[in-house]
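Please open the structure in the viewer and keep the selection tool at hand.

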Amino acid sequence: MTVTDAAPGQDLAAQFDRTIARDQRIEPRDWMPEKFRATMIRQIAQHAHSEIIGMQPEGNWITRAPSLRRKAILLAKVQDEAGHGLYLYSACETLGADRADLTERLISGRQKYSSIFNYPALTFADVGVIGWLVDGAAICNQVPLCRCSYGPYARAMIRICKEESFHQRQGYELLMTMMSGTAGQRAMVQDAVDRWWWPVLMMFGPPDRQSANTAQSMAWKIKRHGNDELRQRFVDMTVPQAEALGVTLPDPALRWNAGRGAHDFGEVDWDEMRQVVAGNGPCNAQRVARRKAAHDGGAWVREAAVAHAAKQARRAEQAEQAGEAGEGTAA
């Protein structure tokens, strides 16, 4: 039973709480607290922005990929990320958000995107590491969102997670190929792992004790797991993959803890994360500037589409009027 099934006069807030408690989904036409709506817009918009901005680090390597096969794979992946952004902007629109406003908020710095995309992809090995580690962390974060309490977001995540899983396997396959190559290629992979490992752990957000949003998001069943739990899950999943690949994760504190049944690992540099989120990362200005340039450069396409839609609407209206006039004459 959803909120729209509530009898007239029933307390909508109480009905919303019961819907959440039953693990049912809130749909766009259901009543919801404004804070829930604002939280969903913030989270989904940030996710959508991340997919679009996230095209840049790897997109920069499309023309420099070492073979036609690698070029085609990378091009397909970047196209997938664009599609993910479109799904998510559409989910935001079901909450009453305006896509143009969301884009303006992104390029003006009023909305954020994932901090991981403010780091540069310096070599082609970075493409593989982004697929393996960045997309792997995204999968850990996003699979539970398939059970998110807001219906359109949960449904979008099902397809997105399937495609992200494929991206992760593509990245790992690229790294396996490079690790079976020359000493220079193996060194390139290790260097990329060294640079990306800690920023990837930051993707899960600050520790739960420092997170301003985790408790409420979990109460509303937007999130199903805390940041610390997801980060731990990712580390435990990645360690055996790194061993199979033949790379060393750059953490001297990383070791198996039999008592906990999990890996211990070092402390993330949260000061660095705060600096990157605040706009002071290696590529923040470049990422937003390129997004703004692309948006401004596409203005004529949007204007042409609006003009075409208006012309089609006028023609349809004229045809309808002509048809009514013809019926009147025949009568």
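Begin by selecting Gly205, which is buried, with a relative accessible area of 10%; buried means under 20% relative accessible area, exposed over 50%, and partly exposed in between, with a 1.4 Å probe and protein chains only. Gly205 is placed in the loop between α8 and α9 (214–219). Helices (H or I, at least four residues) and strands (E, at least two) are DSSP runs, numbered from the N terminus. Next, display the contacts of Gly205, where contact means heavy atoms within 4.5 Å. Leaving aside neighbours within four places in sequence, Gly205 is in contact with Asn227, Arg231, Trp270 and Met273.

The model is predicted, and local features need pLDDT of at least 70, side-chain atom pairs count only at pLDDT 80 or more, and totals for chains, interfaces and linings use all residues. Residues are numbered from 1 along each chain as its sequence is written, and side-chain values use heavy atoms, with hydrogens and water left out.

Now select Phe234. Not counting residues up to four places away in sequence, Phe234 touches Leu133, Gly136, Ala137, Cys140, Trp197, Val200, Leu201 and Phe204.

Which residues touch the most other members of the largest nonpolar core? Select Trp132, Val134, Val189, Trp196, Val200, Phe234 and Val247, which hold that place among its 49 residues. A nonpolar core is a set of buried Ala, Val, Leu, Ile, Met, Phe, Trp, Tyr and Cys residues joined through side-chain atoms within 4.5 Å. The elements that give two or more residues to this core are α4 (68–93), α6, α7 (151–179), α8 (183–202), α10 (227–245) and α11 (270–280). The largest share, 10 residues, comes from α6. Apart from this core lies another, of 30 residues, among them Ile20, Phe36, Ile52 and Leu95.

Proceed to Thr123, in the loop between α5 (99–107) and α6 (124–142). Thr123 is buried, with a relative accessible area of 19%. Its side chain makes a polar contact with the side chain of Asp126 (2.9 Å). Not counting residues up to four places away in sequence, Thr123 touches Trp61, Met188 and Arg195.

Finally, show the whole protein. It has 13 helices and two strands, and buried residues make up 46% of its 331 residues. The C-alpha atoms fill a box of roughly 85 × 50 × 30 Å, taken along the principal axes.

How values were computed. A polar contact is a pair of N or O atoms within 3.5 Å; within protein, one must be able to donate a hydrogen and the other to accept it, and residues adjacent in sequence count only if both atoms are side-chain atoms.
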